[in-house]
Amino acid sequence: DVIYVCGGSATHLLKKMLKVNFPDLLKVFLKNDGVYVGVSAGSYVCTLDLDKGLGILPCHIKVHSQRGSLPGMIDFKKYSLIRLTDFQAIVVEDSRCNIIE
């Protein structure tokens with residue numbers, strides 16, 4: 001029901017994800033009501049910040065920020081950069097994206 005991806009090296013994580021065809025599997029999982037929770041690098045790989053990233057989040061993020069973006073649903077038309085503290089994560093469920101603490 002939930003995929004939880006935590007931190008480390010975002011480039012290493014993405015390389016391993018691409019090697020096992022994770023992006024295509026994740027798309028199917030999300031279309032079938034799956035939930036993705038990304039923390040640190042787990043969030044970073046979903047954004048526009050890495051070449052060949054998962055492309056789930058149409059924004060840039062800054063992880064480990066002292067002041068994070070407000071919790072709740074993310075309006076990507078309003079924000080192109082999401083800041084996450086060490087106590088926040090982005091949850092993607094269907095087409096909804098939320099910041100949680």
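## Helix faces, sheet order and a buried glutamine

Helix H1 has three named buried positions: Ala10, Leu14 and Met17. Seen down the axis of H1, these buried residues fall within an arc of 60°, so they line one face of the helix. The arc is that of the directions from the helix axis to the C-beta atoms. Buried means under 20% relative accessible area, exposed over 50%, and partly exposed in between (1.4 Å probe, protein chains only). Helices (H or I, at least four residues) and strands (E, at least two) are DSSP runs, numbered from the N terminus.

This is a predicted model, in which local features need pLDDT of at least 70 and side-chain atom pairs count only at pLDDT 80 or more, while totals for chains, interfaces and linings use all residues. Residues are numbered from 1 along each chain as its sequence is written, and side-chain values use heavy atoms, with hydrogens and water left out.

The face of H1 turned away from its buried side carries the exposed residues Thr11, Lys15 and Lys19. The buried residues of H1 pack against S1, H2, S2 and helix H3 (41-44). Contact here means heavy atoms within 4.5 Å. After H1 comes Asn21, with a positive phi near 65°.

Leu13 also belongs to helix H1. At 21% relative accessibility, Leu13 counts as partly exposed. Leaving aside neighbours within four places in sequence, Leu13 is in contact with Val5, Cys6, Ala41, Gly42 and Val45. The C-alpha atoms of Leu13 and Val45 are separated by 7.6 Å, although the two residues lie 32 residues apart along the chain.

In H2, the buried residues are Phe22, Pro23, Leu26 and Leu30. They cover an arc of only 95° around the axis, which puts them on the same side of H2. Leu25 and Lys31 are exposed on the face of H2 turned away from its buried side. The buried residues of H2 pack against S1, H1, S2 and S6. Helix H2 (residues 22-31) lies across S1, S2 and S6, running at about 125° to S2. Axes are lines fitted to C-alpha atoms, for helices over the stretch in contact, and angles run from 0 to 180 degrees between N-to-C directions. Just after H2, Asp33 takes a positive phi of about 70°.

**The sheet**

An open sheet of 5 strands runs in the order S1-S2-S6-S7-S4, with mixed pairing. Strand S1 (2-5) and strand S4 (72-73) stand at the edges, each with a single partner strand, so one side of each is left without a neighbour in the sheet. Two strands pair if DSSP finds at least two bridges between them.

| Strands | Sense | Bridges | Residues facing each other |
|---|---|---|---|
| S2 (35-38) and S6 (89-93) | antiparallel | 4 bridges | Val35 and Glu93 |
| S6 and S7 | antiparallel | 5 bridges | Val92 and Cys97 |
| S4 and S7 | antiparallel | 2 bridges | Gly72 and Ile99 |

Val92 in S6 is also the bridge partner of Tyr36. Ile90 stands opposite Ile99 in S7. In S6, 4 of the 5 residues are buried, so this strand is largely enclosed by the rest of the structure. S7 has a covered face, Cys97 and Ile99, and an uncovered one, Arg96, Asn98 and Ile100.

**The core**

The largest nonpolar core has 23 residues. Those with the most contacts inside it are Tyr36, Val45, Leu54, Ile82 and Ile90. Helix H1 (10-19), H2, S6 and strand S7 (96-100) each supply at least two residues of this core. A nonpolar core is a set of buried Ala, Val, Leu, Ile, Met, Phe, Trp, Tyr and Cys residues joined through side-chain atoms within 4.5 Å. In soluble globular proteins, nonpolar side chains tend to be buried together.

**A buried glutamine**

Gln88 sits in the loop between strand S5 (81-83) and S6. At 5% relative accessibility, Gln88 counts as buried. Its side chain reaches the backbone oxygen of Ser69 at 2.8 Å. The side chain of Gln88 also reaches the backbone nitrogen of Thr85, at 2.9 Å. Such a polar contact is a pair of N or O atoms within 3.5 Å; within protein, one must be able to donate a hydrogen and the other to accept it, and residues adjacent in sequence count only if both atoms are side-chain atoms. Leaving aside neighbours within four places in sequence, Gln88 is in contact with Gly68, Ser69, Pro71, Arg83, Ile99, Ile100 and Glu101.
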